[in-house]
Amino acid sequence: CYWFVKHGPDDYKTGKVYGERPALQLSPELTPAIDEFINIWRPALRPSTNFLFVQTRTGKPMTGDSIFQRVARSCFKYTGKRTNPH
(Lines give C-alpha, C1' and ligand atoms only; values in the text may rest on other atoms or scores of the structure.)
Protein backbone atom coordinates (compact mmCIF):
# COMPACT_ATOMS: atom_id res chain seq x y z
CA CYS A 1 0.00 0.00 0.00
CA TYR A 2 1.31 3.44 -0.93
CA TRP A 3 0.15 6.94 -0.10
CA PHE A 4 -0.13 9.66 -2.72
CA VAL A 5 -0.49 13.45 -2.67
CA LYS A 6 -2.85 14.83 -5.30
CA HIS A 7 -2.97 18.57 -6.09
CA GLY A 8 -5.89 20.14 -7.90
CA PRO A 9 -5.78 23.52 -9.66
CA ASP A 10 -6.79 25.38 -6.49
CA ASP A 11 -3.97 23.83 -4.45
CA TYR A 12 -1.02 25.73 -5.91
CA LYS A 13 -0.18 29.19 -7.20
CA THR A 14 -0.10 28.44 -10.94
CA GLY A 15 -2.94 25.92 -10.88
CA LYS A 16 -5.18 28.03 -13.09
CA VAL A 17 -2.57 27.79 -15.83
CA TYR A 18 -1.40 24.18 -15.44
CA GLY A 19 -4.47 22.50 -13.95
CA GLU A 20 -4.47 19.26 -11.99
CA ARG A 21 -1.08 17.81 -11.15
CA PRO A 22 -0.20 14.11 -11.46
CA ALA A 23 -0.35 12.17 -8.20
CA LEU A 24 2.94 12.18 -6.27
CA GLN A 25 3.76 8.89 -4.55
CA LEU A 26 5.17 9.30 -1.05
CA SER A 27 8.09 7.22 0.09
CA PRO A 28 6.95 3.71 1.15
CA GLU A 29 8.90 4.19 4.39
CA LEU A 30 6.28 6.78 5.43
CA THR A 31 3.36 4.33 5.14
CA PRO A 32 3.55 2.90 8.70
CA ALA A 33 3.76 6.39 10.25
CA ILE A 34 0.84 7.70 8.17
CA ASP A 35 -1.26 4.64 8.98
CA GLU A 36 -0.50 5.00 12.70
CA PHE A 37 -1.43 8.68 12.61
CA ILE A 38 -4.74 7.97 10.88
CA ASN A 39 -5.71 5.00 13.05
CA ILE A 40 -4.42 6.07 16.48
CA TRP A 41 -3.48 9.74 16.79
CA ARG A 42 -5.86 11.58 14.46
CA PRO A 43 -9.05 10.39 16.26
CA ALA A 44 -7.71 11.98 19.47
CA LEU A 45 -7.93 15.37 17.70
CA ARG A 46 -11.69 14.88 17.28
CA PRO A 47 -11.67 15.89 13.61
CA SER A 48 -14.75 17.60 12.21
CA THR A 49 -13.62 17.01 8.62
CA ASN A 50 -12.23 14.33 6.31
CA PHE A 51 -9.08 16.38 5.74
CA LEU A 52 -6.01 14.51 7.00
CA PHE A 53 -4.53 17.36 9.04
CA VAL A 54 -6.72 19.20 11.51
CA GLN A 55 -6.16 21.92 14.09
CA THR A 56 -5.40 20.51 17.52
CA ARG A 57 -7.85 22.71 19.45
CA THR A 58 -10.81 22.84 17.07
CA GLY A 59 -10.66 19.70 14.90
CA LYS A 60 -11.21 21.94 11.86
CA PRO A 61 -9.01 21.59 8.75
CA MET A 62 -5.57 23.17 8.93
CA THR A 63 -5.16 26.10 6.58
CA GLY A 64 -2.22 26.54 4.23
CA ASP A 65 -0.92 29.16 6.65
CA SER A 66 -1.18 26.89 9.69
CA ILE A 67 0.62 24.05 7.89
CA PHE A 68 3.34 26.48 6.77
CA GLN A 69 3.81 27.68 10.36
CA ARG A 70 3.82 24.15 11.80
CA VAL A 71 6.50 22.97 9.36
CA ALA A 72 8.64 26.11 9.80
CA ARG A 73 8.50 25.89 13.61
CA SER A 74 9.29 22.17 13.64
CA CYS A 75 12.27 22.63 11.34
CA PHE A 76 13.58 25.46 13.51
CA LYS A 77 13.08 23.42 16.67
CA TYR A 78 15.08 20.46 15.34
CA THR A 79 17.71 22.24 13.22
CA GLY A 80 18.00 25.71 14.74
CA LYS A 81 17.55 27.15 11.21
CA ARG A 82 14.60 29.00 9.76
CA THR A 83 13.21 26.98 6.89
CA ASN A 84 10.68 27.85 4.22
CA PRO A 85 8.42 24.76 3.75
CA HIS A 86 8.16 25.31 0.02
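This is a predicted model: local features need pLDDT of at least 70, side-chain atom pairs count only at pLDDT 80 or more; totals for chains, interfaces and linings use all residues.
1. Overall make-up. The chain holds three helices and two strands, and its elements follow the order β-α-β-α-α from the N terminus. Along the principal axes, the C-alpha atoms occupy a box of roughly 40 × 35 × 30 Å.

2. Of the 86 residues in the chain, 14% are buried. Taking contacts between residues at least 6 apart in sequence, 9% join residues at least 24 apart.

3. Helix α3. This helix covers residues 64–79, 16 residues in total. From the first C-alpha to the last, α3 reaches 22 Å, close to the 22 Å expected at 1.5 Å a residue. After α3 comes Gly80, with a positive phi near 75°.

4. Largest pocket, size and lining. The largest pocket contains about 1200 Å³ of space. It is lined by 27 residues, and those closest to its centre are Val5, His7, Phe53, Ile67 and Val71. The elements contributing two or more residues to this lining are β1, α2 (31–41) and α3. Among the elements, α3 gives the most, with five residues.

5. Largest pocket, composition. By class, the lining of the largest pocket comprises 18 nonpolar, five polar and four charged residues.

6. Second largest pocket. Its volume is about 230 Å³. The lining consists of Gln55, Thr56, Arg57, Thr58, Met62, Ser66, Gln69, Arg70 and Arg73. By class, the lining of the second largest pocket divides into one nonpolar, five polar and three charged residues.

7. Salt bridge. The count of salt bridges comes to one. The pair is Lys6 and Glu20, whose closest N and O atoms are 3.0 Å apart. Lys6 sits in the loop between β1 (4–5) and α1 (15–18), while Glu20 sits in the loop between α1 and β2 (24–25), so the pair ties together parts that are 14 residues apart in sequence.

8. Lys6 has a relative accessible area of 46% and is partly exposed. Glu20 has 54% relative accessibility and counts as exposed, because the cut-off for exposed is over 50%.

Technical notes: Residues are numbered from 1 along each chain as its sequence is written. Side-chain values use heavy atoms; hydrogens and water are left out. A salt bridge is a side-chain nitrogen of Lys or Arg within 4 Å of a carboxyl oxygen of Asp or Glu. Helices (H or I, at least four residues) and strands (E, at least two) are DSSP runs, numbered from the N terminus. Buried means under 20% relative accessible area, exposed over 50%, partly exposed in between (1.4 Å probe, protein chains only). The expected span of a helix is 1.5 Å times one less than its number of residues. On a 1 Å grid over the protein atoms alone, a cavity is a set of points where a 1.4 Å probe fits but cannot get out, and a pocket is an open set with protein on both sides within 12 Å along at least five of seven lines; lining residues have an atom within 4 Å of a point. Grid points are joined across faces, edges and corners, and a volume is the space filled by probe spheres set on the points. Ala, Val, Leu, Ile, Met, Phe, Trp, Tyr, Cys and Pro count as nonpolar, Asp, Glu, Lys and Arg as charged, and the others, Gly among them, as polar. Contact means heavy atoms within 4.5 Å.
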